[in-house]
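Keep the structure open while you read.

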Amino acid sequence: MKWTMVLASCAAMLSGVSYAQSDDLALWYEQPAKSWTEALPLGNGRLGCMVFGGVARERIQLNEDSLWSGGPQDADNPDAFKHLQEVRNLLAQKKYAEAQELTFKTLVCKGEGSGLGNGAYVPFGSYQTLGDLMFTFVGSEAPFTDYKRTLDLDTAVASLKYTKDRVAFQREAFSSAPDQVLVMHFTADKPGAISFDVTLDRDPHRSSRRWKNDSEIEPYPNSEEQEAPITASADGVDTLVLGGRTWLGKGMRYEARAKVLCEGGKLEAAENVLIVREANAVTLLLVAATDYRGENPTLVCQRQLAAAEAKSYEELRAAHIADYQALFRRVSISLGNRGVATLATDKRIEAVANGGDDPALAALYFQYGRYLLISSSRPGDLPANLQGIWCDHFQAPWNADYHHNINDQMNYWPAEVCNLSECHEPFLEYIASLQEPGAKTAKVHYGADGWAVHTISNIWGFTSPGEHPSWGQFMAAGGWLCQHLWEHYAFIGDREYLARVYPIIKGSAQFYLDTLVEEPEHKWLVTSPSNSPENKFRTSDGQEANVCMGPSMDMQILHNLFTHCAEASEVLGIDDGFRKEVLTARARLAPPQVGKHGQLQEWLEDFDEPEPGHRHMSHLFALHPGNQITLEGTPDLAKAARVSLERRLANGGGHTGWSRAWIINFWARLGEGGLAVENINALLAKSTLPNLFDNHPPFQIDGNFGATAGIAEMLLQSHTGEIVLLPALPPSWMDGHVKGLRARGGFTVDLAWQAGKLTEATVVSTLGKPCAVRGNAPLEFTSNGQPVAVSSSGNNAVHFVTEPGGHYILRPGK
């Protein structure tokens with residue numbers, strides 16, 4: 001299923017808006033990267049790299065988004081359905097330990113599953129590095145001075161400047177989406193000053209060790225991996241060609257080609273080395289492909305390289321920047337400046353860790369999240385995985401796969417509100433691709449219609465339960481994924497798109513209608529068996545288990561799914577009977593409950609928690625990213641959600657990067673800007689690597705995206721049907737602005753504030769829908785200099801009619 005045409009129409013509405021950017025839009029450092037987490041990421045959605053910035057030796061670590069080991073498999077377990085009712089009976093009888101034991105034996109996937117997160121050499125596979133470009137620069141041993149390496153977020157260009165032997169050297173690199181090529185450019189202020197040797201290889205000795213991000217410019221003497229090193233061969237005097245198969249020669253084909261173009265000097269080739277001597281300037285082009293998309297990678301590389309080399313460096317650079325800025329410049333932000341932007345980025349992180357306050361660093365982090373999403377998720381590509389597209393492993397942590405119990409969903413939380421709707425498309429298409437294998441899983445494991453997916457997936461269509469029920473039996477994953485299908489519609493309002501995805505949403509709803517069971521005490525409808533992601537409970541008689549009936553997250557996700565399914569049916573004017581069935585089931589779902597501590601219960605019963613500071617806070621889904629719990633609509637449940645959040649934090653919760661990012665969003669939804677910014681600072685201080693990558697540990701990119709979304713939630717919310725202006729503005733962000741955020745209903749919003757108070761807002765209506773806006777004070781509205789008729793619903797909320805393309809100026813009332 002393709003949404004390119006649908007998204008193109010949305011892009012046309014947005015692409016004409018381009019905002020001037022602040023000066024503080026660069027990551028910069030005063031020394032080369034010592035390890036992989038200090039290197040700087042580039043990407044065009046598909047082709048990525050990490051730039052170390054070495055002087056005598058340089059490493060450019062490479063990725064292609066489809067390069068995986070493993071392959072398709074049938075992991076559905078034909079014995080599972082035979083034992084399903086027995087597990088449900090045990091759960092209904094509160095024999096949780098027995099139910100979990102039987103689930104482990106009978107309801108898990110067939111085979112080795114994900115290899116417990118180490119699946120590189122089993123069919124599940126792992127996302128992997130493509131290899132490395134290695135440069136050895138020829139020159140004296142003289143020290144270098146005036147060193148600065150930079151990643152410019154406004155241009156998506158990495159640069160390096162230094163002086164050596166009285167020569168000023170400069171390098172630039174970028175990964176171009178329009179030309180599908182990685183480009184490097186070397187210059188100096190003295191003719192004939194550029195001399196280097198370059199190789200291209202795929203060597204496990206260069207990889208980080210397992211479950212670490214510790215690789216450096218030079219390789220390790222030993223490797224943990226079974227794969228043998230592969231070195232590129234020279235093709236003529238100017239090209240290196242690297243090719244092979246993953247998975248010990250059993251997997252996908254891949255190829256990479258690097259071509260050197262010299263201005264002046266001499267270019268030669270040895271067996272596996274290109275030798276540049278005394279050039280005035282050098283451009284290196286690298287292309288890569290696999291056979292995952294059904295094309296011959298050799299032919300793809302040859303075609304892309306020929307097209308790129310027909311253009312000058314200046315033409316390639318200009319096309320890259322124009323393409324990138326059409327997305328990036330839709331949003332600008334300023335949160336105030338504490339005068340520390342003159343410090344290098346790593347020193348700014350250290351300053352926050354030492355108790356400093358740097359609102360401008362929070363703004364930089366926000367824009368970095370948008371940069372990473374643009375760079376790892378473009379239409380036609382695979383979605384961003386646990387590491388986006390940046391991975392130097394052969395065995396990546398958790399296989400750098402797609403985890404559906406929060407991680408890949410969090411990756412896409414900023415897509416719509418941060419005005420990057422097109423970047424959502426790879427994830428939406430990926431969700432659609434799970435229908436076919438998921439329909440088989442639903443039938444084999446549950447005897448159900450519709451489609452199902454559980455905790456983990458790969459690029460090969462894995463939808464079976466994971467190999468351990470403590471985490472792998474998460475039944476509600478498909479329902480959560482469908483939230484993204486609906487949210488995309490909620491922001492762009494395109495009925496054609498909704499008609500395309502409605503069958504996917506309906507199929508997921510059908511699966512749950514077929515599998516929900518009555519719990520014995522209240523006769524509520526619940527999932528069974530499932531789990532509250534990765535967490536366990538303790539019963540009053542001392543049982544500890546993960547597998548349960550109707551965990552709160554499942555019930556909240558299904559409430560969300562059934563609501564969206566019914567709304568989609570109504571918008572499209574179809575399926576009246578199915579809509580009634582879904583709404584009837586929704587009314588019977590187990591409701592949110594308040595427990596003995598005043599907390600929102602995580603499970604159907606008020607169980608104790610063996611790990612009260614657990615990283616997952618799954619029972620707060622209804623607060624965020626759901627909307628079943630709101631401050632205005634359900635104040636008692638919002639209070640209970642707050643108690644749950646405070647209990648988690650008091651017991652050490654938020655200790656992983658993505659968990660801390662989720663907390664930012666929770667506090668934003670609760671209107672607590674001060675507490676939200678405390679957690680932004682905690683994320684920067686405790687879970688942020690020198691290159692601003694999020695640290696689980698090890699590196700996971702979800703925290704970057706989750707915190708970016710959280711900062712947007714602090715400034716603008718629209719999940720209740722109203723656009724709420726500055727709902728969680730912290731005292732430390734006294735003066736600032738944000739331009740270009742998106743709200744549900746097809747609105748683009750600009751905000752400016754001083755002394756913590758809104759001074760002006762602009763709402764642009766792309767669809768001409770009615771609009772409701774809530775501020776922290778009464779508002780006056782004008783359009784084209786004329787007053788706008790509004791109606792009030794109290795609490796500083798007003799409603800007004802809009803026209804497509806209309807601009808509406810909001811200012812505090814006099």
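## A hairpin to start with

How many residues lie between E28 and E29 in their hairpin, and which residue in the turn has a positive phi? There are two residues between these strands, and the one to look for is alanine 755, with a phi of about 50°. Keep in mind that this is a predicted model.

You'll find E29 at residues 757–765, and its pairing with E28 is antiparallel, with eight bridges. To see how the two strands line up, find phenylalanine 747: the residue opposite is serine 765 in E29.

## The strand in the middle of the story

E28 also pairs with strand E27, residues 736–743. That pairing is antiparallel as well, over seven bridges. Look for glycine 736, whose bridge partner in E28 is tryptophan 753. E27 and E28 make a hairpin too, with three residues between them, and glycine 745 in that turn has a positive phi of about 100°.

Why is E28 described as largely enclosed by the rest of the structure? It covers residues 747–754, and six of those eight residues are buried, so the rest of the structure largely encloses the strand. Here's a handy general idea to go with that: side chains in a regular strand alternate between the two faces of the sheet.

## One more hairpin

Further along, strand E33 (residues 791–794) and strand E34 (residues 797–800) run antiparallel and are joined by three bridges.

## The largest pocket

The largest pocket holds about 560 Å³ of space. It is lined by 30 residues, and those closest to its centre are Ala490, Ser718, His719, Gly721 and Arg744.

Which element gives the most to this lining? That's H15, with six residues. H15 runs over residues 552–572, and it joins helix H13 (477–492) and strand E30 (771–774) in the group of elements that each supply at least two lining residues. Sorted by class, the pocket lining has 15 polar, ten nonpolar and five charged residues.

## The cavities

How many cavities of 30 Å³ or more does the structure hold? There are six. The largest cavity has a volume of about 210 Å³. Among its 16 lining residues, the closest to the centre are Tyr412, Trp413, Glu487, Pro625 and Arg744.

Two strands, E7 (157–164) and E8 (167–176), are the elements giving two or more residues to its lining. The lining residues include Leu40, Glu58, Arg149, Ser159, Arg171 and Met184. By class, this lining has six nonpolar, two polar and four charged residues.

Methods:
Residues numbered from 1 in each chain as written. Predicted model: local features only at pLDDT ≥ 70, side-chain atom pairs only at ≥ 80, totals over all residues. Heavy atoms only, no water. 1 Å grid on protein atoms, 1.4 Å probe; cavity = no way out; pocket = protein on both sides within 12 Å on 5 of 7 lines; lining within 4 Å. Points joined across faces, edges and corners; volume = space filled by probe spheres on them. Helix = DSSP H or I, 4+ residues; strand = E, 2+ residues; numbered from the N terminus. Nonpolar A, V, L, I, M, F, W, Y, C, P; charged D, E, K, R; others polar. Pairing = 2+ DSSP bridges. Buried < 20%, exposed > 50% of the residue type's maximum accessible area, 1.4 Å probe, protein only.
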